[in-house]
Each structure stands twice: as C-alpha cells, then as structure tokens.
Amino acid sequence: MTDHVTTPGPAAPPKIDTTVPHSARIWNYWLGGKDNYPVDEQAGDAYTAVFPGIVTIARSSRAFLRRNITFLVAEAGIRQFLDVGTGLPTAENTHEVAQGLAPETRIVYVDNDPLVLAHARALLTSTPEGATAYVDADVLDPERILAAAAETLDFTRPTALILSNILGHVADYDEARSVVTRLMAALPSGSYLSVNDGSRGVDPVFEQAQDAYNESGAVPYNLRTVDEITAYFDGLELLEPGVVSVPLWRPEATSPAPAVIGEHGGLARKP
C-alpha cells in the first residue's frame with residue numbers, strides 16, 4: 001500500500017527557526033529524542049530546574065499511549081487509528097506500536113505545525129500490508145480532519161481516536177469538548193477514544209511551572225482538572241480503571257509501583 005500524505009498549500013519546505021525554543025522540540029528533548037536544538041535543551045533544562053518531574057510526565061504519557069494502543073490492537077481488534085496532534089516522531093510512535101502487532105493497521109497522523117510537517121517523512125513509514133498518512137490540519141477544524149483522513153481510513157469500520165496532550169492547547173474548554181464530540185460523532189459504534197492531558201489539582205509545583213511557561217510568551221498549554229478531562233468521555237463507555245493518573249492506567253506487571261503525577265487519561269468505547 002502506497003502511503004498517502006494530505007498537505008495543503010505550497011510544497012516548499014517550512015523554515016525552521018533554531019534560535020527560538022519550540023514546544024514540540026522541548027517535549028522531544030524530554031522524551032530523549034534527537035530532533036531538538038541547543039535553544040530547546042536550554043528551555044527544557046530551565047523548566048526542569050523548576051519542576052524536574054516534567055520528564056516523568058512526558059515519558060509516562062508516552063508509555064500510557066503505548067499501553068492503550070497495545071490493548072486496542074491486541075484485545076479490541078482495532079485496525080485504524082486517527083492520531084490528532086501527533087507532535088515530533090520519537091520512539092514507539094502510534095504506527096510503530098500498532099503495526100508491530102498487526103501489520104495491516106492503518107494510521108493517520110494530524111498536526112498543523114510546520115516543524116512537524118518537516119519531519120513527516122519520518123512518520124510516514126508503513127508496513128506493506130498497512131498504511132500511514134499525514135494530514136496538515138488544525139485540531140479546531142474537525143471536519144477538515146475527517147474529510148482528509150477518510151482518504152486513508154474507512155469510517156464505517158471501528159477507529160481509535162488518539163488525543164494525546166493536544167486538548168490542553170485549546171484555550172477554551174468548551175471548544176475542546178466540542179472538538180472531541182465532533183470527531184467522535186463521525187466514528188461508528190465500536191470505536192474508541194483515548195485522551196491524556198496535563199492535570200490541575202494534583203501537583204502545585206507542576207502548575208506553577210506550567211503557568212510561568214504560559215506567561216513566557218510561548219504557545220500556552222492549559223492544564224485541566226480531572227473532572228474536566230473525564231467529561232471528554234461523556235456518552236462513552238469508560239474502560240477500567242477509568243480516568244486516572246497515567247502511570248496507574250493498567251500498569252505492566254514488571255513496572256515499578258506507579259505514582260500519581262499531574263497527567264491524567266483514559267480509554268473509552270463508543271457504544
């Protein structure tokens with residue numbers, strides 16, 4: 001299957017500014033990735049100097065996503081994924097985990113960041129049996145996302161929607177909920193929603209560090225209460241153990257005893 005890429009506008013590569021720290025590159029740095037620059041490492045180190053636990057949050061978020069995908073493929077039989085707000089590629093991307101278990105799985109990644117677009121080629125590697133695609137679209141435009149993703153995914157078949165650390169970038173909470181509702185409305189019964197986001201009300205030091213980051217002029221990321229994150233799943237069937245701090249979501253038996261951190265998530269099925 002030939003990979004398909006949906007990108008609007010001119011094909012000229014985007015200009016990458018290596019003199020200004022970039023949130024996706026900082027997150028990549030915390031995950032141990034290589035797609036970052038000294039300015040990003042400096043910003044990342046400045047954040048960790050205030051709140052060292054951000055590295056644990058970043059890596060626990062990725063581990064939560066991996067466990068979600070493993071369940072969806074191995075136990076729920078899902079073979080289609082729509083990953084919105086994918087960010088920069090690191091280890092254990094959605095397609096790598098899913099196609100490692102079921103090579104015929106089809107994945108569509110969505111982001112609107114020029115930097116991520118520049119790295120899209122790294123994401124667009126697929127098994128011959130499956131497919132991956134990249135859609136250049138804004139999370140606030142669900143209809144565009146769905147129309148472009150439908151070129152690769154069959155929305156008459158159950159599909160898993162992945163929203164990992166993206167809804168916090170939507171400033172208005174009601175609008176964030178609307179995005180989830182509109183995307184899930186297009187998916188059939190038997191589809192799944194996976195959400196995880198930074199949470200407020202758990203770790204005051206984390207909240208202070210994030211609030212300071214938001215006030216620095218960087219693209220803000222809004223922490224949400226556990227109740228607000230839980231409400232994203234309204235109308236769906238939450239799987240056990242519900243919405244919890246991500247290390248507590250079905251931890252692997254070989255893992256150390258999980259601790260509560262300021263990152264909550266869950267997985268739910270559309271009835």
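A salt bridge is a side-chain nitrogen of Lys or Arg within 4 Å of a carboxyl oxygen of Asp or Glu. Arg200 and Asp211 meet this rule through their side chains, at 3.1 Å from N to O. The model is predicted, so local features need pLDDT of at least 70, side-chain atom pairs count only at pLDDT 80 or more, and totals for chains, interfaces and linings use all residues. Residues are numbered from 1 along each chain as its sequence is written, and side-chain values use heavy atoms, with hydrogens and water left out.

**Salt bridges overall**
- A search of the whole structure finds 9 salt bridges.
- Side chains of opposite charge can pair when their charged atoms come close.

**Arg200 and Asp211**
- Helices (H or I, at least four residues) and strands (E, at least two) are DSSP runs, numbered from the N terminus.
- Arg200 is partly exposed, at 29% relative accessible area.
- Asp211 is also partly exposed, with a value of 27%.
- Here buried means under 20% relative accessible area, exposed means over 50%, and partly exposed lies in between (1.4 Å probe, protein chains only).

**Arg66 and Glu252**
- The side chains of Arg66 and Glu252 form a salt bridge of 2.6 Å, N to O.
- This pair links distant parts of the chain, 186 residues apart.
- Arg66 sits in helix α3 (residues 54-74), while Glu252 is in the loop between β9 (244-245) and β10 (263-269).
- Arg66 counts as buried, at 18% relative accessibility.
- Glu252 is partly exposed, at 32%.
- A network of salt bridges links Arg66, Glu92 and Glu252.

**Arg269 and Glu237**
- Arg269 and Glu237 join their side chains in a salt bridge of 3.7 Å, N to O.
- Arg269 belongs to strand β10 and Glu237 to strand β8 (residues 237-238), so the pair ties together parts 32 residues apart in sequence.
- Arg269 is partly exposed, at 30% relative accessibility.
- Glu237 is partly exposed, at 40%.

**A nonpolar surface patch**
- Val202, Leu248 and Val260 form a nonpolar patch on the surface, with about 210 Å² of accessible area together.
- Patches are made of residues with over 30% relative accessible area and no salt bridge; like charges are joined within 9 Å, and nonpolar side chains (Val, Leu, Ile, Met, Phe, Trp, Tyr) within 5 Å.
- Accessible areas come from the Shrake-Rupley method with a 1.4 Å probe, and for residues only the protein chains shown count as cover.
- Val202 lies in the loop between β6 (192-200) and α9 (204-214).
- Val202 is partly exposed, at 31% relative accessible area.
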